[in-house]
Amino acid sequence: MSRHALTALALRSAAIGYVLCLILLPLTAIGFQSFEDGLTRFLDDIQQPQAKAALILTIEAALLTTMINAVFGTLSAWVLVRYDFPGRAFLNALVDLPFAIPTLVAGIMIAAVYGATSPIGAWLLKGGIEVLYNVPGIVLAMLFVTMPFTIRALQPVLMELERDQEEAAYTLGATPWQAFRRVTVPSVLPGLLTGVFLTFVRALGEFGSVVIVAGNIPLKTQVAAVYVYGEIESYNPQGATSVSVVVLIVSFLALMLLERLTRPPDERLPVLLTRVLNAQWLVLHSNSKLKIQN
Amino acid sequence: MRGLFISVVWVYFAALLIGPIAYLCVQAFGGGLTVFLNEVVRPEAVHGFWLTAEITLIVLLLNVIFGTVTAMVLARQRFWGQTFLSGLIDLPFSVSPVITGFMLILLVGPGTILGTWFGTMEMKILYALPAMILVTLFVTFPFVVRELTPILLAIGTESEEAARTLGANEWQIFLRVTLPAIRWGMIYGATLTIARAIGEFGAVLVVSGNILQLTQTATLHIYQSYVDFNYVGAYAVAAVLLAVSFLILMILELVKTRSSAVTEQSISIPMVQP
Amino acid sequence: MRIPPYVERFSAVARRFIIASVVSCIVASSALFHGVSVSLAGERELMLAIYSVPKEAYENKLIPAFKQHWKERTGQDLRVRSSYGASGAQARAIIGGFEADVALLSVEGDVDQIAKAGLITHDWRKGADRGNVSASVVAFGVRKGNPKGIKTWEDLTKPGVEVLYPNPKTSGGAMWDIIAIYGAGMRLADPKQGPAEAQAAALLKRVQKNVKVMDKSGRESVTTFERGIGDVIVTYENELLPRIKSGRPMDLVIPAETVLIENPGAIVDRSVDKHHVRDIADAFVAFLHSEEAQQAFAEYDFRTVTSAKAGFQPAKTFTQPAHLMTIAELGGWDKVASLLFGPQGLWTGAVEDLARGK
């Protein structure tokens with residue numbers, strides 16, 4: 001074997017080994033636990049009314065979060081990339097903060113700012129919106145922790161999207177909408193999909209902040225993660241792991257789908273995807289290349 | 001149009017991010033500067049900071065090394081099960097922290113094979129530092145890999161191939177060709193890892209035992225303060241953590257801008273030709 | 001000699017790499033030492049797993065006092081490590097390998113679980129005071145001045161009254177709270193209206209209907225209440241008294257029918273034998289039953305368990321509810337817990353019925 005091939009094999013083994021031990025092994029332990037008493041017990045566990053309700057609520061809230069995040073995240077990324085305005089760098093640095101804030105603190109902050117006893121919360125209450133201890137609160141918490149995903153996924157792509165590509169389309173007679181649809185969107189799509197799918201997956205598993213702002217009433221405002229926690233605490237680990245397995249399977253399927261959608265099956269990368277990936281590399285070397293738009 | 005968009009984004013950020021964080025800062029200093037400082041230098045808080053720093057450093061090192069390796073494998077190699085592997089990478093995002101901790105207990109708890117083996121070797125995993133490192137490793141794993149894989153895909157293998165034909169060995173190729181190109185991606189991934197590791201709470205709560213002054217990280221200390229009704233203390237320590245993360249992120253931004261002018265000319269790694 | 005450019009860049013990278021390796025080696029070696037229990041000559045270590053509520057009592061009074069006593073008695077310096085968390089979480093941690101020498105928890109069910117896992121091998125209920133070290137009662141916390149006039153359990157069911165208590169699945173305190181509702185329901189049952197149990201179940205449902213938030217622990221419930229949510233919180237009396245003392249705008253109301261909460265404390269045999277600290281652990285538990293410790297508990301608004309001892313005067317007197325029930329009267333912990341919280345439990349059923357709009 002050539003030295004190159006040998007190194008490649010060694011690296012591959014190391015990578016696979018690490019991922020297997022760190023990620024797959026623990027997840028398999030969960031799987032074993034939930035199927036310990038057989039498939040019927042597993043199905044029983046997840047069809048408990050509380051479990052089912054929790055799963056449905058979680059998926060619904062995560063979907064809602066994803067949609068809101070997609071819209072506002074795209075808008076934010078666009079604004080941060082295309083326009084220059086006072087405070088741009090500040091906002092840009094803020095984007096990654098939700099990663100750093102302990103979820104507990106995020107929950108407390110949101111509960112304090114949007115609770116019924118705060119000015120904002122009271123104002124919203126007058127408008128008929130009860131944020132806390134309801135679905136809006138859950139969505140808000142999920143939004144907080146997933147905020148960076150769409151924005152960070154789109155920024156590099158948008159940066160690369162050279163203005164002259166769109167201008168070229170204009171000179172060729174395209175309307176702004178056509179340019180958007182035929183040029184911008186396809187280039188941006190992989191980044192957008194990545195951000196969207198990661199948002200969904202992350203929102204599914206969120207616990208620390210949701211448990212503070214949601215009412216956690218079983219069958220009404222209890223998300224899967226909180227249900228799982230409750231089952232572990234009341235000596236029903238199988239019920240807990242069963243529901244977790246469902247969440248994990250949904251996440252895994254979503255991630256596989258994302259992988260398929262954003263990565264070509266063969267060696268030669270198509271043109272637009274190439275540009276996208278070049279862009280992601282480019283952005284790290286070329287902040288000065290940032291197009292300043294008016 | 002431009003004005004509208006910018007305003008909307010400001011409102012979005014304010015409602016979601018700036019508002020709550022401002023609240024946190026106001027609460028942290030709610031008792032005045034002396035109270036804030038007192039809370040931050042309490043022995044429990046200091047111990048928490050040290051422990052968090054230790055864990056973050058170790059996790060950072062391991063993640064950068066293995067993350068880079070994994071990214072290189074995913075980007076450069078084609079093998080059976082690649083999609084599966086790639087799907088696994090992002091999975092830690094969706095695992096709730098309670099489950100993360102629980103998984104570790106299932107794996108190395110008493111009565112398990114691994115657990116008994118570690119027991120006979122007198123090594124404490126659970127309710128001690130190793131478990132805390134492991135769960136933090138788990139939750140921060142995606143960051144470096146996700147940053148590096150697209151870059152590696154983009155820069156292609158031409159330079160590396162060229163270096164290989166010129167007689168360089170694998171290590172030299174990595175150090176002199178690949179590494180400089182992925183440097184910024186690595187740094188960004190490392191920054192995110194640091195930020196996430198500092199903020200990890202749920203999983204560490206489950207596997208650390210929450211032993212005062214022994215296994216309480218900064219975030220666990222925040223939780224302890226919160227349930228002790230010491231809100232100012234909780235917010236004060238949280239504000240410090242936040243400031244550290246924000247500082248690192250801002251430094252990264254500044255360094256990037258500063259050095260991009262220099263590196264643009266010196267790096268001539270060809271991009272993948274469409 | 002001219003240094004080739006790639007060597008310069010290599011040096012920069014290599015330099016950083018070497019610094020990083022050195023630093024991480026230092027850190028890693030310190031990490032390894034963490035796992036090793038550092039026992040200095042003459043210093044022995046006791047590990048305590050305690051539920052979250054009595055933290056101030058233990059940290060500020062009981063543990064320092066015990067260390068003092070031990071030093072006086074044996075001349076040994078004692079290091080006491082303590083961990084505070086939800087009772088159930090602590091129990092599971094111990095079962096999961098947390099090597100606590102003494103478990104001081106909020107509900108006997110959690111200690112039983114540890115015993116069931118084989119870690120407690122003696123009959124802990126045979127100890128002093130039936131194994132309990134402190135007590136309290138289930139009480140209401142209301143807004144200052146009691147604007148909604150909440151005095152009885154029925155008042156909790158009135159429309160427009162928001163009730164707070166934590167989730168019994170995660171909080172031992174919540175289990176006590178709901179057991180109190182059940183007990184009250186049984187006691188207040190009108191024999192003419194059918195079986196007492198059905199009426200108790202109905203009361204459970206009516207109260208649960210007014211619950212909008214269930215935090216995961218008793219402490220968190222109190223913080224939620226302090227944030228302005230809810231009209232009444234159902235929790236331990238000893239949780240409410242210190243908050244009122246520190247000036248929070250709330251009042252304490254003890255309903256006529258309520259349950260006596262008893263908190264157990266037991267040595268974890270397997271840990272004490274492994275760490276060779278049985279003597280210390282035994283002494284600590286004995287100390288907790290002593291008058292001095294019970295006085296300290298009273299200072300922190302716990303009811304004492306040794307009031308039966310002749311001549312013992314607790315530091316403060318507590319209001320005696322008209323109809324105080326014990327868990328034994330209601331049938332014992334196991335029976336009541338499964339009756340209420342099991343898959344077909346009365347409380348579980350109430351929650352499900354409410355969700356279905358029944």
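Let me begin with the conventions. Residues are numbered from 1 along each chain as its sequence is written, while chains are lettered from A, and ligands numbered from 1, in the order in which they are written. Since this is a predicted model, local features need a pLDDT of at least 70 and side-chain atom pairs count only at pLDDT 80 or more, although totals for chains, interfaces and linings use all residues.

I will take confidence next. The model scores ipTM 0.80 and pTM 0.83. As for pLDDT, the predictor's confidence in each residue on a scale from 0 to 100, chain C has a mean of 85, with 86% of its residues at 70 or more, and chain A averages 81, with 86% of its residues scoring at least 70. Within chain C, confidence is lowest in helix α1 (residues 5-35), at a mean of 54, and highest in strand β3 (residues 102-104), at 96. Residues 33-40 of chain C have a pLDDT below 50, and this stretch has nine contacts in the model beyond near neighbours in sequence; a contact here means that the C-beta atoms of two residues, placed from the backbone, lie within 7 Å. In chain A the lowest value belongs to helix α14 (residues 271-283), at a mean of 52, and the highest to helix α3 (residues 49-82), at 93. Residues 265-273 of chain A stay under 50, with nine contacts beyond four places in sequence, and residues 285-294 of chain A are also below 50, with 18 contacts beyond near neighbours in sequence. Where pLDDT is low, the predicted coordinates should not be read in detail.

Now to chain B, which has 12 helices and zero strands; helices are DSSP runs of H or I with at least four residues, strands are runs of E with at least two, and both are numbered from the N terminus. The C-alpha trace of chain B spans about 65 × 65 × 30 Å along its principal axes. Buried residues make up 53% of the 274 residues in chain B, where buried means that 20 or more other C-beta atoms lie within 10 Å of the residue's own, against 12 or fewer for exposed and anything in between for partly exposed, with C-beta atoms placed from the backbone. Among contacts in chain B between residues at least 6 apart in sequence, 79% join residues at least 24 apart.

How many residues does each side bring to the contact of chain B with chain A? Chain B gives 81 residues and chain A gives 79. Several helices of chain B each supply at least two residues of that side, among them α1 (2-28), α3 (43-76), α9 (170-199) and α12 (231-266). By class, the chain B side divides into 56 nonpolar, 17 polar and eight charged residues, where Ala, Val, Leu, Ile, Met, Phe, Trp, Tyr, Cys and Pro count as nonpolar, Asp, Glu, Lys and Arg as charged, and the others, Gly among them, as polar.

The contact of α10(A) with α13(A) has 12 nonpolar, four polar and no charged residues.

Finally, chain C has 15 helices and 10 strands, and 47% of its 358 residues count as buried. Chain C is divided into domain 1 (43-134 + 262-299) and domain 2 (135-261 + 318-355), with bounds that come from an automatic or database domain assignment.
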